[in-house]
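This report sets out the main features of a single chain, from its overall composition to selected helices and strands. The sequence and structure are shown first.

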Amino acid sequence: MGFFKGARSALDAFRNLARTSARFQQGPRIRRAGQSGLASGASRLAPDVAPCLPLVPRRFGCYGGIGRSQGNPLSSGARRFYYVDRYQVQHFQPRGPKRWFRNPRNVLIVVLVGSGAFVTVYFGNLEDVPYTKRRHFVLLSRDLERRLGESQFEQIKASFKGKILPPIHPESVRVRLIAKDIIEALQRGLRHEQVWRDINYASPEAFEGSERGAHDTLMALSDKTPEKLGETWSREEELLDDRWVDQSRKKGHERGSKPTTSHLEGLNWEVLVVNEPVVNAFCLPGGKIVVFTGLLEHFRTDAEIATIIGHEVAHAVARHSAETITKNLWFAIIQLILYQFVMPDIVNTMSSLFLRLPFSRKMEMEADYIGLLVIASAGYDPRVAPKVFEKLGKVTGDSALRDYLSTHPSGKKRAQLLAQAPVMEEALTLYREAIAGRGIEGFL
């Protein structure tokens with residue numbers, strides 16, 4: 001008797017399950033986008049689903065794809081906001097970040113927090129370059145920049161192992177003594193106990209004298225007559241314009257800006273002379289100077305070597321390496337945006353011609369100016385510098401397109417700009433004081 005009752009209960013459960021399966025297969029389907037909507041299909045809904053409809057406009061959904069029916073053994077009672085059938089899953093309520101951003105208050109919070117973070121990061125990383133007073137944005141921290149320079153320096157020592165001249169080698173001693181003079185002059189120029197008032201901003205009369213003196217310097221360095229010089233040299237036709245230096249310095253004086261020099265404090269300066277026929281020298285962040293013997297074969301005098309080392313040290317003073325990394329990050333973001341509209345090859349070419357290369361040439365000009373003041377304060381004649389850059393251009397191979405397609409300006413253009421710029425008169429003043437035994441502080 002008990003077996004008969006159990007079998008009958010199992011049969012009833014199986015029949016209920018069959019009815020439920022039939023309702024699933026014949027149940028209502030949610031209309032796709034563009035149809036009349038959920039309410040228009042209410043007449044075709046099964047009776048068990050009808051109790052669910054009043055919840056749709058109020059809750060953007062209901063308690064499951066099927067209304068909770070007393071005869072439905074599969075109804076779990078869990079709260080869901082979607083409808084399930086054999087073909088698709090249709091959500092009544094937005095899911096994920098899209099739902100979160102539909103709240104205006106959330107959007108306002110994101111905008112305010114994002115704007116505050118951007119302003120804090122931007123203005124917290126603005127710095128003023130010594131001498132030019134150019135304000136630039138550097139995202140790389142000073143400690144990280146120094147560690148990167150030291151790491152690269154160790155890699156250079158490992159790669160040129162066996163080719164580095166010993167400290168007692170005559171060429172190594174000579175380069176180290178020149179570098180020592182430049183570093184001491186740099187430290188004097190960064191002191192602020194006794195700020196030097198340069199001739200360019202002392203008075204209008206001094207500025208006029210500076211322009212005239214710069215012209216005389218250019219004439220002394222050139223073997224051309226004034227008439228021939230005017231035919232070949234015109235500031236209006238010059239691709240590289242240094243007027244931004246005067247404008248930047250005037251703005252810096254007006255806002256009372258102080259140059260950023262904390263990255264130069266406590267540096268362990270090191271000098272390596274590598275026996276390689278390469279006409280090159282550079283200064284890594286952290287005070288690591290590398291000079292190749294190929295450069296010493298073309299520039300034999302101390303003033304010529306000091307000019308090149310001073311230029312490379314000026315790159316470290318202005319944090320050009322860290323600024324380049326920051327600029328490349330912005331350039332990469334711009335390129336990724338343009339890739340959506342323009343072919344990648346065209347974007348890469350245009351970004352190099354109009355962004356990367358002009359920026360690099362501008363930094364070279366800035367390093368020329370700062371280096372000129374440093375070598376003059378070290379007791380080396382600054383009037384040698386234009387000839388050095390002109391000679392360097394001939395050695396490395398100047399061309400008519402170098403001012404457009406190179407990271408460095410042509411040697412001839414650099415020489416002409418540097419010789420006639422007001423900075424030459426400032427450098428001559430520092431040089432006269434240095435050879436007289438009176439070092440000037442605070443000129444950077």
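## Overall composition

A contact here means heavy atoms within 4.5 Å. On that basis, among contacts in the chain between residues at least 6 apart in sequence, 68% join residues at least 24 apart. The model is a predicted one.

The secondary structure of the chain comes to 17 helices and seven strands. Of its 444 residues, 41% count as buried. The chain exposes about 25,300 Å², of which carbon and sulfur atoms supply 57%.

## The annotated span, residues 107-124

In an unreviewed entry, UniProt lists residues 107-124 as "transmembrane region". In the model, this span is 100% helix and 0% strand.

Strand 6 (residues 281-284) and strand 7 (residues 288-292) run antiparallel and are joined by four bridges. Within this pairing, Phe282 stands opposite Val290 of strand 7.

Three residues lie between the strands of the hairpin. Gly286 in this hairpin adopts a positive phi near 100 degrees. As a general point, the side chains of a regular strand alternate between the two faces of the sheet.

## Helix 11

Helix 11 covers residues 302-317 and has 16 residues. From its first C-alpha to its last it reaches 22 Å, close to the 22 Å expected at 1.5 Å a residue.

Just after helix 11, Arg319 takes a positive phi of about 55 degrees.

## Helix 14

Helix 14 spans residues 385-396, with 12 residues in total. Its reach from first to last C-alpha is 16 Å, close to the 16 Å expected at 1.5 Å a residue.

Which residues of helix 14 are buried? They are Ala385, Pro386, Val388, Phe389, Leu392 and Gly393. These residues cover an arc of only 160 degrees around the axis, which puts them on the same side of helix 14. In general, an α-helix has 3.6 residues a turn, so residues three or four places apart point the same way. Just after helix 14, Gly397 takes a positive phi of about 90 degrees.

Terms used
Residues numbered from 1 in each chain as written. Predicted model: local features only at pLDDT ≥ 70, side-chain atom pairs only at ≥ 80, totals over all residues. Heavy atoms only, no water. Pairing = 2+ DSSP bridges. Helix = DSSP H or I, 4+ residues; strand = E, 2+ residues; numbered from the N terminus. Expected span 1.5 Å × (residues − 1). Buried < 20%, exposed > 50% of the residue type's maximum accessible area, 1.4 Å probe, protein only. Arc of directions from axis to C-beta. Areas by Shrake-Rupley, 256 points an atom, 1.4 Å probe, with all protein chains shown as cover. UniProt positions renumbered as here; feature names shortened; annotations may be inferred.
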